[in-house]
Amino acid sequence: MRQLMGNSVARFIALGAAITVAGYIFFSLLVFLGLSPYFAIIFGSLVFTTIRYFAYRFLVFEKTKSTSSSALRFIAVTIGLMVTNNAFFFALHEVMLLNEYVSQLIAIVVLAGISFLVQRRYVF
């Protein structure tokens, strides 16, 4: 069990890092093109949710609950993480006055660990 967990953590980190980098580049491009960072977070989350779900479902947590029920839980968790991301981004960007790129980068790093724990416990 310990080795399985360690492997799933490593796969989660590797896939999550790749998907997150792609999502951050997408976010940065949308903000650069003039889209509100809040909408860029939402739009990017929607685009990369599908990619992330299938990558995690089949490459990280492959020996777990059924796909249909895990998909609904994944969507619920993603919405919760998206709301949390926007709130955290707001605190960093509007209250602490960090620029949007740094604010989102910090939010991503903080939410990555939370995302793994929540998905392992409730989704997959």
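Rings of Phe, Tyr and Trp (its six-membered ring) are taken as a pair if their centres lie within 6.5 Å, and are classed as stacked with planes under 30 degrees apart, edge-to-face over 60 and tilted for the rest. In this predicted model, local features need pLDDT of at least 70 and side-chain atom pairs count only at pLDDT 80 or more, whereas totals for chains, interfaces and linings use all residues. Residues are numbered from 1 along each chain as its sequence is written, and side-chain values use heavy atoms, with hydrogens and water left out.

The structure holds 10 aromatic pairs. The centres of the Phe12 and Phe116 rings are 4.6 Å apart and the planes stand at 65°, so this pair is edge-to-face. Because Phe12 lies in helix α1 (residues 2–32) and Phe116 in helix α4, the pair ties together parts 104 residues apart in sequence; helices (H or I, at least four residues) are DSSP runs, numbered from the N terminus. Phe12 is buried at 6% relative accessibility and Phe116 at 9%, buried being under 20% relative accessible area (1.4 Å probe, protein chains only).

Phe12 and Phe116 both belong to the largest nonpolar core, which has 12 residues, including Tyr53, Phe74 and Leu81. Such a core is a set of buried Ala, Val, Leu, Ile, Met, Phe, Trp, Tyr and Cys residues joined through side-chain atoms within 4.5 Å. Two or more residues each come from α2 (37–59), α3 (67–95) and α4 (100–123). Another core, of 8 residues, lies apart from it and has Tyr24, Phe27, Val31 and Phe89 among them. Ring pairs also link Tyr24, Phe27, Tyr38 and Phe89 into a cluster.

Technical notes: Buried < 20%, exposed > 50% of the residue type's maximum accessible area, 1.4 Å probe, protein only.
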